[in-house]
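This report describes selected local features of one protein model. Please keep the sequence and the structure in view while reading.

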Amino acid sequence: MKQYFRLITIYLVCALMMPRYVYAAPEETTPYPVVSTSNTIENWPEGPELFSGSAVVMEAGTGTVLYEKNMDQKAYPASITKILTAILAIENCGMNEMVEFSYDAVFSVPGNSSHIAITPGEFLSVENCLYGLLLASANEVANALGEHVSGSTEAFVELMNKRAKELGAVNTHFNNTNGLPDENHYTTCYDMAMISRAAVVNETFIKIDSTTSYMIPSTNLQPERRPVNTQHPLLINGSRHYDGCFGGKTGYTEASGNTLVTFAKKNGMTLICVVMQSDSTHIYEESTMLLNYGFENFARMNIAEHETKFNLQGSGIYESSISVFESSYPQIELNREGVVVLPIGADFSEIEPTIAFKNKEERKNVPNILADIKYTWHGHFVGSTTLDITSSTQGAFSFAAEPEFIKAGYIDGKLETQDIGKKEYITINIWHMAAILLGMSLLFAVWYIMSITKHQRERWKRIRHQRHIMQAKERRRKKRKYYPTRKLH
């Protein structure tokens with residue numbers, strides 16, 4: 001009896017505690033704290049609060065981070081891994097190359113994971129493989145592409161890690177081609193955004209990735225065609241469609257949660273949004289929220305049209321003190337394509353430039369670039385440009401080993417436009433020199449021809465003179481008076 005009452009008491013206690021536990025659970029058990037670290041930037045537009053564990057919004061052209069929450073936090077990427085797999089396949093293969101599916105490529109992935117039911121020994125073109133990879137997220141296709149490019153998935157994984165570093169990934173290590181869970185396969189939102197910058201400028205990638213549905217044709221072992229459809233809700237017409245979305249990649253495993261990469265373009269600005277460590281309830285809503293935040297609060301600004309700290313034209317700083325034909329040409333100019341991304345309404349003067357001149361070793365690969373200029377907003381990177389050697393001086397030679405403004409024209413990485421010192425060099429334009437030499441050569445040729453033909457020309461002159469005399473005598477003869485003969489009877 002006592003035991004019976006004890007059970008009832010325990011049941012009642014649990015029942016009384018249950019409402020409190022249920023109420024507190026969302027806050028206490030949420031695995032990802034609601035923190036937006038980009039909101040700490042001074043005078044930066046305040047970003048939204050997220051449920052998702054990590055996220056980033058990056059302007060594709062400049063690499064400027066507009067919003068970030070735990071963007072350097074390592075996590076499982078799931079199938080967004082396939083963005084890099086596709087980039088490498090496009091960079092290393094022709095679209096008409098045929099890919100043979102090996103037994104290992106097909107059966108090394110779980111049968112309940114994403115696939116397009118390929119049979120070992122089946123052949124698909126690289127292009128059709130990419131449709132299966134990006135639209136249907138087929139894991140066996142990722143393996144087959146890896147084997148086709150590098151000979152084995154292990155060698156392809158090495159190529160993936162090398163290329164990821166080249167693209168700017170700093171906290172990434174891939175261990176397979178498809179993103180299936182592996183403790184040695186991880187990345188960050190920032191790294192995936194940097195990798196995606198190579199995707200958004202690749203025409204082949206975007207052509208395939210932006211397709212909503214595709215029919216893979218019959219193969220050597222499969223007479224039926226295979227339909228594949230994109231799984232990205234923001235790309236598909238529907239309730240979650242995002243106006244301006246032109247690509248991206250979804251991902252999900254139990255270990256990673258939902259992951260999503262989205263590309264969108266509006267008002268001349270392309271944004272890359274990466275969300276990781278999320279769920280199917282929040283990830284699409286928050287991606288839309290983040291894209292709206294980026295487009296509504298930021299704009300691109302051309303650097304050359306607004307920069308006043310480097311007055312290159314007519315300043316005399318970058319011109320020779322003595323130049324041939326009294327013509328001076330600017331030696332360098334700001335790259336006309338340089339852009340910064342600033343909050344809408346911000347003034348260009350509010351950002352701070354830092355200039356770094358390239359040494360001789362660095363300029364071997366980029367001989368036309370003299371220096372890099374990076375721009376920051378209260379310490380936050382917002383864009384960059386370069387100081388380029390202009391085409392007007394590509395044929396110019398300076399007698400100075402190094403221009404004085406490079407030796408003494410900048411302090412602590414910032415260009416000083418005063419006290420540059422005497423410019424002890426002149427500039428000779430070889431195109432002008434070539435014109436002079438050509439003209440002189442033509443004059444010499446004319447003189448030489450005249451000298452060697454002098455006697456011949458004098459002979460022709462005497463002949464013409466004798467001819468004129470003979471012609472004159474003939475005219476006088478014809479004019480003589482006529483004497484008629486006597487008539488004979």
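## Two loop residues with positive phi

Ala117 is found in the loop between α3 (103-107) and β4 (123-125); helices (H or I, at least four residues) and strands (E, at least two) are DSSP runs, numbered from the N terminus. Phi of Ala117 is near 55°, a positive value in a residue other than glycine. With 48% relative accessibility, Ala117 counts as partly exposed, where buried means under 20% relative accessible area, exposed over 50%, and partly exposed in between (1.4 Å probe, protein chains only).

Asn43 lies in the loop between α1 (2-29) and β1 (54-59). This residue, which is not glycine, also has a positive phi, near 60°. Asn43 counts as exposed, at 55% relative accessibility.

## Basis of the model

The model is predicted: local features need pLDDT of at least 70, side-chain atom pairs count only at pLDDT 80 or more, and totals for chains, interfaces and linings use all residues. Residues are numbered from 1 along each chain as its sequence is written, and side-chain values use heavy atoms, leaving out hydrogens and water.

## A pair of helices

Helix α2 (residues 82-92) packs against helix α4 (residues 126-134) at an angle of about 170°, and their axes are 10 Å apart. Axes are lines fitted to C-alpha atoms, for helices over the stretch in contact, and angles run from 0 to 180 degrees between N-to-C directions. The two helices α2 and α4 are therefore roughly antiparallel, a term for angles over 145 degrees.

Lys82, Thr85, Ala86, Ala89 and Ile90 in α2 meet Leu130, Leu133 and Leu134 in α4, contact being heavy atoms within 4.5 Å.

Note on methods
Angles under 35 degrees count as roughly parallel, over 145 as roughly antiparallel, 65 to 115 as roughly perpendicular and the rest as oblique.
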